[in-house]
Amino acid sequence: MAEKEVVETSEAQIAVHWAEEEYFHPSKEFIAQANMTDPDVIDRFSLDNFPNCFKEYADILDWYEYWHTTLDTSDAPCWKWFVGGKINACYNCVDRHLPKYKNKTAIHFVPEPLEEGYQHITYQELYVRVNEFAAVLKDVCGLKAGDRVTLHMPMIPELPITMLACARLGVIHSQVFGGFSGRACADRIVDSGSNVLITADAYYRSGTLIDHKQNADIAVDLAAKDGQKVDKVLIWQRYPGKYSAETPMVDGRDYFANDLVKDKYGARVEPERMPAEAPLFLMYTSGTTGKPKGCQHSTGGFLAYTAGTSKYVQDIHPEDVYWCMADIGWITGHSYIVYGPLALAASTVIFEGVPTYPDAGRAWRIAQDLDVNIFHTAPTAIRALRKIGPDEPKKYNYSFKHMTTVGEPIEPAVWRWYYDEVGKGKAAIVDTWWQTETGGFLCSTLPGLNPMKPGSAGPGVPGIHPIIYDDAGEILPQGAGKAGNICIQNPWPGAFQTIWGDRDRYVETYYARYCKDPKSKDWRDWPYLTGDAAVEAPDGYFRILGRIDDVINVSGHRLGTKEIESASLVVEEVAEAAVVPVNHEIKGKVPDLYIALKPGIAATEALEQKINDAVCEQIGKIAKPRKVWIVTDMPKTRSGKIMRRVLGAISNKLDVGDVMTLANPEIVEEIKKMNDESGI
Ligand code: PRX
């Protein structure tokens with residue numbers, strides 16, 4: 001099985017070698033103010049009380065109409081939550097806070113250039129700007145509930161403003177990570193059937209003002225070739241009134257969003273009363289095949305789940321200044337920069353740049369200046385900050401009560417630095433394990449109730465009941481300490497509803513493997529396959545080991561190995577491609593790309609570069625291989641299957657094991673030699 005070979009190569013390895021760690025207990029000071037300190041919550045959210053327990057989360061929100069059915073399973077495994085309920089996500093994140101909090105900051109925007117200072121957008125200002133832009137979307141673009149619109153925006157305040165304006169109208173937004181290429185954006189435009197693209201002219205990254213508008217031109221052209229016409233491109237200017245990109249505006253297609261908004265001065269748009277199960281947004285993610293999957297998230301269920309978990313796991317109160325240092329272009333940003341914190345009336349920080357620019361103290365200065373008290377980031381950023389500025393945090397006078405880590409397993413040594421240095425030994429940490437598909441957290445400690453354990457995510461969060469299966473379909477006994485495939489036994493409101501336009505793939509990928517009866521309408525027959533391997537310790541804490549499928553986690557970002565391989569195959573000289581994950585000190589993993597050329601073609605550095613460029617062009621720079629290895633042949637089984645396990649071992653300088661059963665064992669030595677001689 002191909003999947004098994006990839007697991008063996010690496011994903012699980014780092015984590016498996018960690019020993020079980022000692023507990024750390026949150027401080028009394030933290031617990032004294034925690035949102036959730038009632039141990040009965042575990043009982044209230046037990047399977048016996050499922051699904052009605054989730055009413056507790058839905059009740060955090062304001063509904064136009066209450067639902068009549070908490071969970072409708074009639075179209076299993078496409079679950080419908082809070083059926084009959086009517087709600088608007090924008091209203092819940094903005095309008096309803098005005099009476100109490102209109103003068104409070106909703107968004108602190110931190111531009112990357114130091115000289116630009118901070119921007120503080122109050123809930124009142126957010127209300128005005130969202131309304132005016134919603135009027136543009138409605139009147140100028142003709143968008144209405146159920147339409148899809150693609151966003152390809154960087155980390156500027158106009159991104160959440162655009163998302164909320166869409167949500168106000170019931171328009172389904174599909175934000176593509178700003179660092180993705182025009183090609184990647186085009187694929188998502190086509191798949192979602194968007195005829196409006198919203199983007200920005202430029203943004204800062206590590207001191208450079210990057211021309212982003214050129215990606216829009218590429219995306220629109222490529223989408224047209226694939227049969228999806230984009231009628232309008234709305235461009236937010238990084239500096240309103242000044243165009244910061246080189247590429248010309250296209251007459252009749254391109255409009256400056258900030259100009260259009262001027263004509264809507266004072267406009268107010270009534271929020272659409274959306275059915276709870278209407279889609280709120282699509283978020284594309286990588287899977288086992290080349291084509292990214294559009295995860296479709298609901299309005300009522302998603303918002304209830306992100307609000308509930310933001311309140312109890314992240315411990316967000318309205319008076320908190322909360323900084324999630326992720327990009328809104330990923331699910332973390334949707335759930336825990338925009339929707340969750342704003343639903344709770346918190347002040348959320350949006351940072352344009354990279355945390356290590358211009359120096360290793362930048363992040364901690366921002367925390368000090370804005371008095372951030374909840375901090376949220378990924379192990380890759382923690383590793384980078386620890387490496388280049390291990391003593392920086394103590395130079396700054398900020399005080400975190402709570403910190404989150406997300407996206408990949410965190411090494412216990414890195415966890416300890418996060419705890420001791422960044423959290424100054426007093427902030428509670430939650431290691432939150434979840435996925436694009438799941439909308440919100442699956443496993444984490446509840447900081448007011450559970451001790452922390454470095455390297456372990458923790459138990460299932462309230463209402464999430466994980467279970468580990470082995471490959472033969474047997475359930476591993478609780479606390480067995482053995483690795484297996486972690487699944488979730490029950491549906492939950494934050495779970496995605498389907499893959500946009502591809503229900504079969506949704507069922508096949510996530511539910512078919514351990515389904516007890518494909519005709520069943522009972523949720524108990526449909527465990528959700530997360531695609532991760534995990535072990536459960538006797539205390540019920542889960543340690544996540546990594547993916548069981550062909551997905552690589554680079555800096556906490558998900559990339560499909562097949563996706564990178566297909567990108568390299570567009571180069572006509574390439575015959576075969578194989579991607580394997582390589583351990584990396586900062587990024588967790590990086591892809592190594594092995595290439596076999598068509599007969600008669602010589603390996604050259606120029607060709608390596610061309611293949612490298614093709615990957616960056618097709619997907620984006622985050623997919624850039626550590627190295628393109630042009631090999632004379634791939635190690636293959638006698639049936640002709642590429643042995644990625646062997647390539648992975650070579651790239652990671654590990655033992656390749658027994659290769660004598662291969663069709664061409666001699667190639668292994670040759671590739672190993674090439675690897676040794678390269679000096680990397
Ligand atoms: O392998 C798990 C890893 O990231 C995958 C999900 O990636 P993505 O959909 O991009 O979402 C990332 C942010 C939620 C998972 O299948 N992962 C995520 N969080 C953790 C993790 N691995 C270990 N520990 C975590 N806390």
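Where in the chain is the place of K653?

Mentor: K653 is placed in the loop between α21 (644-651) and α22 (666-678); helices (H or I, at least four residues) and strands (E, at least two) are DSSP runs, numbered from the N terminus. Although K653 is not a glycine, its phi is positive, at about 55 degrees.

The model is predicted, with local features requiring pLDDT of at least 70, side-chain atom pairs counting only at pLDDT 80 or more, and totals for chains, interfaces and linings using all residues. Residues are numbered from 1 along each chain as its sequence is written, and side-chain values use heavy atoms, with hydrogens and water left out.

The pLDDT, the predictor's confidence in each residue from 0 to 100, averages 94 for the protein, and 97% of the residues score at least 70. Confidence is lowest in helix α1 (residues 2-11), with a mean of 36, and highest in helix α6 (residues 89-93), at 99. Over residues 1-15 the pLDDT is below 50, and this stretch has 42 contacts in the model beyond near neighbours in sequence; contact means heavy atoms within 4.5 Å.

A positive phi in a residue other than glycine also occurs at F82, near 55 degrees. F82 lies in strand β2 and is buried, with a relative accessible area of 0%. Buried means under 20% relative accessible area, exposed over 50%, and partly exposed in between (1.4 Å probe, protein chains only). The bond from A76 to P77 is cis, with omega near 0 degrees, and P77 is in the loop between β1 (69-72) and β2 (80-83). Y357 and P358 are likewise joined by a cis peptide bond, omega being about 0 degrees; P358 is in the loop between β17 (347-351) and α15.

The ligand site comes next. Of the 16 residues around the ligand, D431, T432, T436, D532 and R547 come nearest, a residue being near if one of its heavy atoms lies within 4 Å. By class, this shell has five nonpolar, six polar and five charged residues; Ala, Val, Leu, Ile, Met, Phe, Trp, Tyr, Cys and Pro count as nonpolar, Asp, Glu, Lys and Arg as charged, and the others, Gly among them, as polar. Strands β20 (428-432) and β25 (542-547) each supply at least two residues of the shell. A nitrogen atom of the ligand is 2.8 Å from a polar backbone atom of T432, and an oxygen atom of the ligand is 2.9 Å from an N or O atom in the side chain of Q435. Taken alone the ligand exposes 540 Å², of which the protein buries 96%; these areas come from the Shrake-Rupley method with a 1.4 Å probe.

Finally, H376 is found in strand β18 (residues 374-377) and is buried, with a relative accessible area of 0%. Leaving aside neighbours within four places in sequence, its contacts include Y322, W323 and Y418. In helix α18 (residues 503-510), the residues R505, Y506, V507 and Y510 are buried, and the buried residues of α18 pack against β15 (293-298), β23 (498-499) and β24 (528-536).

Notes: A polar contact is a pair of N or O atoms within 3.5 Å; within protein, one must be able to donate a hydrogen and the other to accept it, and residues adjacent in sequence count only if both atoms are side-chain atoms.
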